[in-house]
Amino acid sequence: MIVKTKELKFSKGWVYAPAPESKEHIQLKSRYELFIGGKFVTPVNGKYFDTINPSNEEKIAGIAEASIEDVNRAVTSARTAYEKYWKMTPAKERGKYLFRIARMIQERAREFAVIESMDGGKPIRESRDVDIPLVAAHFFYYAGWADKLEYAFSNRKPRPLGVAGQIIPWNFPLLMAAWKIAPALACGNTVVLKPAETTPLTALKLAELIQESGLPDGVVNIITGAGTTGAALVNHPDVDKIAFTGSTDVGKIIQKATAGTNKKVTLELGGKAANIIFDDAPIDQAVEGIVNGIYFNQGHVCCAGSRLFVQENIYNTVLQKLKDRMETLIVGDPLDKNTDIGAINSKPQLEKINYFIEEGKKEGADMYQSSCPVPEKGYWCRPTLFTNVSQSHRIAKEEIFGPVLAIQTFRTVDEVIEKANNTPYGLSAGVWSDKGSKVFDVGKKLRAGVIWANTFNKFDPSSPFGGYKESGFGREGGVYGLEGYCK
Ligand code: NAP
Ligand code: MG
């Protein structure tokens, strides 16, 4: 859907003509099967569900729903592939497959980007410039490690675990698949991956690409379905490793289910990141960082900077600049290259965000929303912020996973450290200051796995990512990401 040109007028008086990315070049089937043993197979119970485009609520394709029998088939296929050939495949050959997959993703980057935006709602600028290039980068990065594992673990001989069960969420569908599949294969494991129910398409397109790449059958299996499919994978006795990215609630269920088993587990869970702006920060850059941290990608980011802490003496300036910037943000068609904020991923997610916005108002915080137009059909949320927020407010404590910012002020370093660390989560944080010494001092005291300095939400395959406390354990990315797939 394209927002009419005349509607794209902002307080600053700019008007943008629509610039939609073409859909002509993409290939989509009306129905997708399960990818097991190198083939696309129908689900045992014959059940399918719809994946829809959240920006127009239209069905894109029917998706197979894997039952327990299908999970069994996929795990058996992964086990057979592991025992029969993958275990024996020389490391440099494993690397070659990963390099090939990386190059093929680059060749089809445009198609992947468009499908990612259609299925999940994120702006094409994000999927084209961030998600898909990072997907290829992760495959390249881990391809390089495949035959150098003994250098990653000095004086030790790393061996693969076997079959890895991998469960991923809907906010970075293909990127999360790459984070999981690339290191697992580099270390010599085979995998069964389950994408999220609302965003299965790019993982299934990846399955087609993997089939073409000539990777031996069964080394990667991709099965679609809902939470029960994921639970069946977690509980399968022949799975050696569970890698999960998703909510803290499901992470806790998985930890209980795997306790007392031999399964190795890594959990990448929720977050409520603090973004801290000191009075010596470059304010315009910081405002851009705030916007990037919470509004781009609709706030569907586990490490989103959803709690903003501004030093009291610059609060008014920062707030005014932020509101001015919010007014210029374009919410609408994810395939339009002008769009800053796309569609909320699903109806339940939009309901959750709206629920928290109402909670924030009820608890006495002051809400401000930008005045931009939003399309009639589809799931949308204008960039939103709350001021007059206290530490006890739910909007300051709980993960909303939407474009909703809770702003608080502080006076001293000690005060902001205490406030920022006062959360059950500990995934990420941001610090903005002109002084390197202050950044390092604050960074050391923050209980978060990833800390950005004078930037936000930047990723690289060579840097580890992961949380403290209820944000999970284990690291993905970098040399640390290999540890979770070796013994
Ligand atoms: P979710 O509800 O926990 O779902 C994640 C995945 O688990 C989905 O594939 C889901 O399937 C599946 N699942 C649901 N119930 C399950 C069960 N009982 N056993 C096994 N698998 C189950 O999370 P989400 O709403 O998709 O994603 C948002 C959450 O992910 C946020 O909390 C966010 O912070 C977190 N996240 C964390 C990171 C990180 O690196 N730390 C990165 C991205 C996102 P269905 O889709 O079919 O329900
Ligand atoms: Mg969808």
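Predicted model: local features only at pLDDT ≥ 70, side-chain atom pairs only at ≥ 80, totals over all residues.
Residues are numbered from 1 along each chain as its sequence is written, chains are lettered from A and ligands numbered from 1 in the order in which they are written, and side-chain values use heavy atoms, with hydrogens and water left out.

**The two domains**

- The domain assignment gives domain 1 as 31-269 + 470-483 and domain 2 as 274-461; such bounds come from an automatic or database assignment.
- The C-alpha centres of the two domains lie 30 Å apart, and their contact (heavy atoms within 4.5 Å) takes 35 residues from domain 1 and 33 residues from domain 2.
- Domain 1 and domain 2 bury about 2,700 Å² between them, 58% of it on carbon and sulfur atoms. Buried area is the accessible area (1.4 Å probe) that two parts lose on being put together, summed over both.
- On the side of domain 1, Pro 123, Arg 125 and Trp 170 lose the most area to domain 2, together 20% of what that side buries.
- The count of salt bridges between the domains is 1. A salt bridge is a side-chain nitrogen of Lys or Arg within 4 Å of a carboxyl oxygen of Asp or Glu.
- Asp 340 and Arg 125 form a salt bridge, with their closest N and O atoms 2.7 Å apart.
- Helices α3 (109-120) and α4 (124-145) are the elements that give two or more residues to the side of domain 1 that touches domain 2. Helices (H or I, at least four residues) and strands (E, at least two) are DSSP runs, numbered from the N terminus.
- The largest share of that side, 9 residues, comes from α4.

**The magnesium site**

- The magnesium ion (ligand 2) is coordinated by Thr 51 (OG1), Ile 52 (O), Asp 119 (O), Asp 119 (OD) and Thr 198 (O), at 2.3 to 2.7 Å.
- Thr 51 in strand β4 (residues 48-53) and Thr 198 in the loop between β7 (190-194) and α7 (201-213) are 147 residues apart, so this pair links distant parts of the chain.
- Donors are N, O and S atoms within 2.8 Å of the metal (3.2 Å for Na, K and Ca); water is not among the atoms, so sites may look incomplete.
- Thr 51 is buried at 1% relative accessible area, whereas Thr 198 is partly exposed at 25%. Buried means under 20% relative accessible area, exposed over 50%, and partly exposed in between (1.4 Å probe, protein chains only).

**Selected buried residues**

- Ser 471 lies in the loop between β17 (450-453) and β18 (472-473), and it is buried at 0% relative accessibility.
- Leaving aside neighbours within four places in sequence, the contacts of Ser 471 include Leu 267, Gly 270, Tyr 425 and Leu 427.
- Asn 338 is in the loop between α11 (315-328) and α12 (347-362), buried with a relative accessible area of 14%.
- The side chain of Asn 338 reaches the backbone oxygen of Ala 17 at 2.9 Å; beyond neighbours within four places in sequence, Arg 125 is also among the contacts of Asn 338.
- Thr 387, in strand β14 (residues 384-387), is buried at 12%.
- Thr 387 and Leu 427 are 40 residues apart in sequence and 23 Å apart in space, C-alpha to C-alpha.

**Salt bridges within helices**

- The structure holds 30 salt bridges.
- Glu 93 and Lys 96 meet in one of 3.1 Å, N to O; these residues are 3 apart in helix α2 (residues 91-107), about one helical turn.
- Glu 93 is partly exposed at 25%, and Lys 96 is partly exposed at 46%.
- Glu 208 and Lys 205 also form a salt bridge, at 3.1 Å, and both residues are buried.

Terms used. Polar contact = N/O pair within 3.5 Å; in protein donor to acceptor, adjacent residues only side chain to side chain.
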